[in-house]
Amino acid sequence: MKKFKVTFYPDNRKIEVDQGENLLRAALAAEVHVNASCGGDGTCGKCRVVVDKGSVRAKGYAKLSSEEKKEGYVLACLCQIESDLEVRVPPESRLGRVPKERERAKVCGHIFPADATERLRLVRLDPPAKKIFLVLPPPTLDDSASDTQRISRGLRAAGFREERIEFDPPVLKYLANLVREAAFKVTATVLTDDTGLKVTKTEKGDTSGNHYAVAVDLGTTTVVARLVDLKNKETLSEKSDYNGQVSCGEDVISRIVFASKEGGLDKLQHLVIQTINRLLKGLIDETGADAKNISAVFVAGNTIMLHLLLGLSPKYIREEPYIPTVSVFRWIEARDLGIDLPDSAYVDPLPCVASYLGADVVAGIAATGVSRKKELALYIDIGTNGEIVLGGEDWLISCSCSAGPAFEGGGVKHGMRATAGAIEQVRIDAETCEPMILTIEGKKPVGICGSGLIDTLAELFLSRIIDRRGKFDLTLSTPRVRKGENGAEYVLVWGQESKTKKDIVLTEVDIDNLLRAKAAVFAGIDILLDSVAVSLKDIEEIYIAGAFGKYLEVEKAIAIGLLPDLPCEKFIFIGNGSLGGAHMVAVSREGKDEVKRVARRMTYLDLSMNPKFMDGYVSALFLPHTNAELFPSVMAQIANSK
Ligand code: FES
């Protein structure tokens with residue numbers, strides 16, 4: 001991908017971007033304020049800039065006069081960058097001061113390649129499900145071993161050391177004819193685990209070149225499935241869809257409640273299997289892979305999702321002392337669950353640690369190699385539950401805190417999931433209180449998703465529109481801050497510019513919910529550190545997992561006190577760690593052992609039993625925290641903006 005340099009005047013700010021990058025996004029990344037109130041939909045006409053040098057591809061010029069077009073005016077949100085550029089932001093698009101130089105690096109944290117977390121690259125290709133081509137000596141009067149003994153002998157000769165070798169009954173049914181028709185040249189599909197080796201299928205001739213597994217991240221909201229080539233660890237295709245169970249409740253607690261109703265558990269199991277089957281079909285249709293060559297499905301998910309997948313009651317997970325039915329699973333026949341794969345395919349749910357610390361986190365820890373590192377690392381997966389792990393190669397300690405749905409848009413007046421039209425990035429000019437917003441896919445604004453909520457909260461605070469308690473300064477002379485029906489609020493988008501034709505606002509009640517969510521996560525981090533007597537500065541690396549984490553701006557998350565105030569370079573975004581871990585297990589027995597080892601070694605702290613948690617939570621209910629010394633860079637920014 002070609003890179004281009006864009007210089008914005010009069011700020012003289014430069015940024016390097018990929019060819020085709022949106023000009024408004026480039027301005028935001030360069031911290032150049034350009035008014036933008038329709039989210040990049042091209043309808044407000046406020047993001048006009050002048051391209052003095054270089055070329056852009058403009059999708060449209062709505063709202064610009066022919067005179068302006070001649071002068072080089074474009075709408076930044078509708079332009080893709082096609083060369084090095086010099087761009088002038090005219091006064092009418094700027095409003096207010098030139099932003100002060102910030103001390104922090106712009107691009108905060110680094111990103112693991114999406115499908116190649118560290119350990120996946122390092123583990124040896126040695127899948128737990130294998131196809132082995134065997135050329136067996138035909139039986140004679142001197143060698144009268146049975147067909148199964150002959151295959152077992154062949155497998156041992158191929159290097160399998162498992163004491164116990166068993167054959168699935170359907171394999172036995174046709175084995176005698178099959179091996180003879182194939183002149184004793186057969187491919188055996190085998191699954192291995194602690195208890196031994198199981199032959200799940202035999203085929204005539206050599207079919208070992210076509211063999212696949214599926215890695216699944218079974219999320220409460222979204223399910224992602226990846227078809228993996230077992231010849232070379234590679235991803236052939238990846239598909240995602242909403243978990244069909246969403247219609248029965250948004251979060252794990254409402255699913256548990258639904259499962260306890262008559263027929264509820266069956267319905268939830270059916271819905272998630274339907275989702276998985278839909279994804280499998282998509283993977284197969286796209287790649288042309290033959291379903292009969294898929295031998296195994298490896299599933300990482302939270303403990304409740306895995307219970308619902310298997311049709312196990314999650315009832316006692318919700319009741320003190322919060323006990324799951326199972327935390328370590330065995331191979332399960334795919335057809336028994338209703339998964340549309342051949343009879344020989346099996347499902348392997350990865351191990352969990354506790355009711356609220358599931359295989360998704362275990363898989364992420366194993367995939368990132370946190371469990372093999374000398375350095376002290378913090379792993380955070382933020383969703384409805386914030387799951388936090390602290391440790392390294394010698395020990396791992398974890399907790400889960402209920403952040404509530406605020407970061408996923410729940411309990412927030414105009415909160416929404418991260419879909420088209422969701423406001424995902426926000427800047428607010430401190431002098432004029434005018435916002436610069438970007439929406440997903442540049443569509444007309446509909447609401448605010450998690451990353452947009454964090455941005456808005458941080459910007460309101462850094463611009464002193466709200467105070468440390470999250471209360472609005474109603475003395476400001478701007479129509480954007482006003483008293484609404486739910487108390488004081490900030491208008492991010494006026495009705496005439498929103499898709500819904502209604503003002504999009506963030507209210508004080510929303511802010512309270514966000515403060516509670518961030519306080520729960522920060523208090524969880526605090527408790528883990530306290531329990532092993534280490535301090536924030538001892539942490540060498542911070543891994544941010546989950547789909548939400550991918551879009552999080554670390555500086556903003558620090559500004560509101562959600563993440564600890566540590567240097568940017570310590571933050572690492574891993575994308576979907578759960579899927580990465582399931583992929584690693586699919587291609588490597590070493591990876592599978594690592595996941596089991598992580599689950600065994602991880603100590604779980606139940607915060608509901610921890611008296612210090614409430615104190616930490618209350619202290620974290622302020623922006624960024626009651627103890628300002630914990631957030632020196634945020635306090636410095638505030639002081640500079642005075
Ligand atoms: S026209 Fe570009 S942000 Fe509205």
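## Aromatic pairs and cysteines

Colleague: What is the relative accessible area of Tyr322?

Modeller: In this predicted model, the value is 24%.

Colleague: Switching to rings. How many aromatic pairs does a search of the whole structure find?

Modeller: Five. One of them is Tyr322 with Tyr356, an edge-to-face pair. The centres are 6.4 Å apart, with 70° between the planes.

Colleague: Where in the chain do those two sit?

Modeller: In distant parts, 34 residues apart. Tyr322 is in the loop between α9 (303–310) and β17 (332–333). Tyr356 is in the loop between β18 (346–349) and α11 (359–368).

Colleague: Why is the pair of Trp331 and Tyr346 called edge-to-face?

Modeller: Because the ring planes stand at 90°, over the 60 degrees needed. The centres are 6.5 Å apart.

Colleague: What does that pair tie together?

Modeller: Parts that are 15 residues apart in sequence. Trp331 lies in the loop between α9 and β17, and Tyr346 in strand β18. Both residues are buried.

Colleague: New topic. How many disulfides?

Modeller: Zero, with sulfur pairs counted within 2.5 Å.

Colleague: Cys47 and Cys248, what are their relative accessible areas?

Modeller: Cys47 has 2%, and Cys248 has 10%. Both count as buried because these values are under 20%.

Definitions and conventions:
Residues numbered from 1 in each chain as written. Predicted model: local features only at pLDDT ≥ 70, side-chain atom pairs only at ≥ 80, totals over all residues. Heavy atoms only, no water. Phe/Tyr/Trp six-rings, centres within 6.5 Å; stacked < 30°, edge-to-face > 60°. Helix = DSSP H or I, 4+ residues; strand = E, 2+ residues; numbered from the N terminus. Buried < 20%, exposed > 50% of the residue type's maximum accessible area, 1.4 Å probe, protein only.
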